Amino acid sequence: MKRLSQEEIRDLATVVLATKPDELTCDEWLEHAPWYAELVAEGAPVPEALREAAQHLDLCPECAEELRACLLALAAG
């Protein structure tokens, strides 16, 4: 088993401490992804209803990558 580096331990602790009991799951985030991506692409402010979706992206690299893919698709028109 690989030992974690100090940086990996610090990153893991940061994510664990930032996680909330009522946080969105990835599946829940994906339900909001199209609306969220359109707002981001337009440079519009994120409404309160999508704040949890925005926070989820800070903790989930997979969903952040999904957002990047949505933004590329929107830009391609």
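Helices here are DSSP runs of H or I with at least four residues, numbered from the N terminus (strands would be E runs of at least two). Glu28, for instance, lies in helix H2. This is a predicted model, so local features need pLDDT of at least 70 and side-chain atom pairs count only at pLDDT 80 or more, while totals for chains, interfaces and linings use all residues. Residues are numbered from 1 along each chain as its sequence is written, and side-chain values use heavy atoms, with hydrogens and water left out.

**Helix H2, end to end**

- H2 covers residues 26-42, and its 17 residues should span 24 Å at 1.5 Å a residue. The expected span is 1.5 Å times one less than the number of residues. Its end C-alpha atoms sit 23 Å apart, which agrees.
- There is a bend of about 50° at Ala33, with a proline, Pro34, following within four residues. The bend at a residue is the angle between axes fitted to the seven residues ending there and the seven starting there.
- Just past the end of H2, Gly43 takes a positive phi of about 75°.

**What H2 buries**

- Trp29, Ala33, Tyr36, Ala37 and Leu39 are the buried residues of H2. Buried means under 20% relative accessible area, exposed means over 50%, and partly exposed is in between (1.4 Å probe, protein chains only).
- The cover over those residues includes helix H3 (51-59) and helix H4 (61-76).
- Glu28, also in H2, is partly exposed because its relative accessible area is 33%.

**Trp29 and the residues around it**

- Trp29 lies in H2 and has a relative accessible area of 0%, so it counts as buried.
- Leaving out residues up to four places away in sequence, Trp29 touches Leu24, Ala53, His56, Leu57, Cys63, Glu66 and Leu67. Contact means heavy atoms within 4.5 Å.
- With residues up to four places away in sequence not counted, His56 touches Glu23, Leu24, Thr25, Cys26, Trp29 and Cys63.

**Leu67, on the H4 side**

- Leu67 lies in helix H4, and its 11% relative accessibility makes it buried.
- Leaving aside neighbours within four places in sequence, Leu67 is in contact with Trp29, Tyr36, Ala37 and Leu57.
- The C-alpha atoms of Leu67 and Ala33 are separated by 6.8 Å, and the two residues are 34 apart along the chain. Ala33 is also where H2 bends.

**Salt bridges**

- Side chains of opposite charge can pair when their charged atoms come close. A salt bridge here is a side-chain nitrogen of Lys or Arg within 4 Å of a carboxyl oxygen of Asp or Glu, and by this rule the count comes to three.
- Lys2 pairs with Glu8, and their closest N and O atoms are 3.0 Å apart. Lys2 is exposed at 61% relative accessible area, whereas Glu8 is partly exposed at 31%.
- Arg51 and Glu48 meet through their side chains at 3.5 Å, N to O. Arg51 is partly exposed at 38%, and Glu48 is exposed at 63%.
- Arg68 pairs with Glu65, with 2.9 Å between the closest N and O atoms. The two are three residues apart in helix H4, which means they are separated by about one helical turn.
- Arg68 is partly exposed, at 44% relative accessibility, and Glu65 is partly exposed with a relative accessible area of 44%.

- Leu4, Ile9 and Leu12 make a nonpolar surface patch of about 270 Å². Patches are made of residues with over 30% relative accessible area and no salt bridge, joining like charges within 9 Å and nonpolar side chains (Val, Leu, Ile, Met, Phe, Trp, Tyr) within 5 Å. Areas come from the Shrake-Rupley method with a 1.4 Å probe, and for residues only the protein chains shown count as cover.
- Leu4 lies in the segment before helix H1 (6-18), and its 47% relative accessibility puts it in the partly exposed class.
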